[in-house]
Amino acid sequence: MSKAVVLRWGHRHRDERLTTHVALTARALGASGLILTDVKDERIKKTIDEVVSKWGGPFFFKMGVSWKAALRDWRAKDGLVVHLTAYGENIQVGDVIQRVKETGKDILVIVGSQKVPSEFFSPEISDFNIAIGNQPHSECASLAVFLDRLFKGKIKKFEDAVLQIIPQKHGKKVISKVKPK
Ligand SMILES: C[S@@+](CC[C@H](N)C(=O)[O-])C[C@H]1O[C@@H](n2cnc3c(N)ncnc32)[C@H](O)[C@@H]1O
């Protein structure tokens with residue numbers, strides 16, 4: 001199955017929690033990693049590393065690379081690029097997710113924050129511009145729906161987890177394992 005990596009463009013330090021939530025969403029819903037472009041934020045890296053160490057991985061977090069370099073590297077590996085935007089083809093009504101899957105390629109999923117560079121919409125950058133409904137909302141919400149449709153709700157197996165939630169009809173159950181040294 002294709003793998004997905006998320007490219008987060010436009011992180012603002014004063015809005016640290018949103019990028020953290022994008023990374024947590026990416027990890028929980030099956031992406032292999034997240035590239036935070038153009039900036040470095042050690043606090044987010046620490047949070048994500050802690051989550052991976054407690055709740056399992058693998059999930060990589062890279063930061064500081066320019067978005068142009070990240071895209072060039074991805075293209076060099078013949079990867080596909082999907083830009084999530086309210087202005088794209090609506091995933092709810094057409095066959096766009098089918099067309100993405102048919103490529104069989106690994107996918108770089110771009111999510112923005114404030115207004116993204118106009119090049120993101122062009123075919124030189126994005127093979128697909130995909131909307132999770134043509135109304136503006138949030139990078140976390142759009143990423144969650146996209147990954148869920150891409151992986152069809154298939155649950156990723158998290159390795160080396162110390163904590164694991166056992167689903168309950170009511171109440172909370174978490175089992176804790178000792179991490180092998
Ligand atoms: C708060 S929105 C930014 C909207 C910004 N005002 C614009 O016009 O680009 C942040 C990010 O969420 C994602 N997003 C928001 N609504 C979306 C939608 N309906 N479909 C897909 N992605 C969406 C996009 O990746 C967008 O860059």
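Tutor: The dialogue below sets computed values against definitions, for what is a predicted model.

Student: What makes the chain as compact as a globular protein of that length?

Tutor: The chain has five helices and eight strands, and from the N terminus on they run β-α-β-α-β-α-β-α-β-β-α-β-β. Its radius of gyration is 17 Å, close to the 16 Å that the globule rule gives for 181 residues, so the chain is as compact as a globular protein of that length. Along the principal axes, the C-alpha trace spans about 50 × 35 × 30 Å.

Student: How do you know which strands stand at the edges of the sheet of six strands?

Tutor: The sheet is open, with the order 3-2-1-5-4-6 and parallel pairing. Strand 3 (60-63) and strand 6 (128-131) each have a single partner strand, so one side of each is left without a neighbour in the sheet, and these two stand at the edges. From one strand to the next, the twist averages 30°.

Student: Why are strand 1 and strand 2 called a pair?

Tutor: Pairing requires at least two bridges between two strands.

Student: What is the direction of helix 4 relative to strand 4, and which strands does helix 4 touch?

Tutor: Helix 4 (residues 96-103) packs on the sheet and touches strand 4, strand 5 (107-111) and strand 6. The direction of helix 4 makes about 175° with that of strand 4.

Student: Why is helix 1 called roughly parallel to helix 5?

Tutor: Two packed helices are described by the angle between their axes and the distance between the axes. Helix 1 (residues 16-28) and helix 5 (residues 139-151) pack at about 10°, with their axes 9 Å apart. Since angles under 35 degrees count as roughly parallel, that makes helix 1 roughly parallel to helix 5.

Student: Which residues make this contact, and what is their class?

Tutor: From helix 1, His21, Val22, Thr25 and Ala26 meet Glu139, Cys140, Leu143 and Ala144 in helix 5. By class, the contact has five nonpolar, two polar and one charged residues.

Student: Which residues come nearest to the ligand, and which element gives the most to the shell?

Tutor: There are 17 residues around the ligand, of which Leu84, Ala86, Gly112, Glu139 and Ser142 come nearest. Strand 4 (80-90) and helix 5 are the elements giving two or more residues to the shell, and strand 4 gives the most, with three residues. The shell divides into seven nonpolar, eight polar and two charged residues.

Student: What makes the backbone at Pro58 and at Asp38 worth a remark?

Tutor: The peptide bond from Gly57 to Pro58 is cis, with omega near 0°, and Pro58 lies in the loop between helix 2 (42-55) and strand 3. Asp38 has a positive phi of about 70° although it is not a glycine; Asp38 is found in the loop between strand 2 and helix 2.

Technical notes:
Residues numbered from 1 in each chain as written. Predicted model: local features only at pLDDT ≥ 70, side-chain atom pairs only at ≥ 80, totals over all residues. Axes fitted to C-alpha atoms, helices over the stretch in contact; angles between N-to-C directions. Helix = DSSP H or I, 4+ residues; strand = E, 2+ residues; numbered from the N terminus. Parallel < 35°, antiparallel > 145°, perpendicular 65-115°, else oblique. Contact = placed C-beta atoms within 7 Å. Nonpolar A, V, L, I, M, F, W, Y, C, P; charged D, E, K, R; others polar. Near = placed C-beta within 6 Å. Rg over C-alpha atoms; globule rule 2.2 N^0.38 Å.
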